[in-house]
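Subject: Handover of a structure and notes on its contacts

Dear colleague,

Please find below the structure that I am passing on to you. My notes on what was found in it follow directly after it.

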Amino acid sequence: MSLFETGTIVNTIGIRDMMMGSADAAETIRKCLDRHCRGDWGDLCDEDKQMNNDALEAER
């Protein structure tokens with residue numbers, strides 16, 4: 001379940017080509033986007049994670 005609306009998601013030509021050339025790459029990118037939308041900020045420092053959480057809270 002997404003914590004926020006992403007709006008339009010765009011990518012570079014290189015990412016598009018990589019996704020079109022490899023189902024594994026496309027799945028990995030989809031999983032990363034899904035994680036981000038669920039609030040899994042990945043390898044960010046604690047300050048940046050808190051900033052993202054604060055932005056979500058401000059939108060509620």
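Arginine 60 is exposed, since its relative accessible area is 66% and the threshold for that class is over 50%. Its partner in a salt bridge is glutamate 57, with the closest N and O atoms 3.3 Å apart. Please bear in mind throughout that this is a predicted model.

Salt bridges

In general terms, side chains of opposite charge can pair when their charged atoms come close.

Another of these bridges joins aspartate 17 to arginine 16, where the closest N and O atoms are separated by 2.9 Å. Aspartate 17 has a relative accessibility of 39% and is therefore classed as partly exposed. Arginine 16 is likewise partly exposed, at 40%.

In helix H2, which spans residues 23-37, arginine 30 and glutamate 27 are 3 residues apart, or about one turn of the helix. These two residues form a salt bridge whose closest N and O atoms lie 2.6 Å from each other. Arginine 30 is partly exposed, with 38% relative accessible area, and glutamate 27 is also partly exposed, with 32%. The pair is part of a network of salt bridges that links Glu27, Arg30 and Asp34.

Packing of H1 and H2

Two packed helices are described by the angle between their axes and the distance between the axes. For helix H1 (residues 13-21) and H2, the angle is about 120° and the axes are 5 Å apart.

Asparagine 52

Asparagine 52 is located in helix H3, residues 46-59. With a relative accessibility of 25%, asparagine 52 is partly exposed. Which residues does asparagine 52 contact, leaving aside its neighbours within four places in sequence? They are Trp41 and Leu44. Tryptophan 41 is 11 residues from asparagine 52 along the chain, and the C-alpha atoms of the two are 8.0 Å apart.

With kind regards

How values were computed:
Residues are numbered from 1 along each chain as its sequence is written. This is a predicted model: local features need pLDDT of at least 70, side-chain atom pairs count only at pLDDT 80 or more; totals for chains, interfaces and linings use all residues. Side-chain values use heavy atoms; hydrogens and water are left out. A salt bridge is a side-chain nitrogen of Lys or Arg within 4 Å of a carboxyl oxygen of Asp or Glu. Buried means under 20% relative accessible area, exposed over 50%, partly exposed in between (1.4 Å probe, protein chains only). Helices (H or I, at least four residues) and strands (E, at least two) are DSSP runs, numbered from the N terminus. Contact means heavy atoms within 4.5 Å. Axes are lines fitted to C-alpha atoms, for helices over the stretch in contact, and angles run from 0 to 180 degrees between N-to-C directions.
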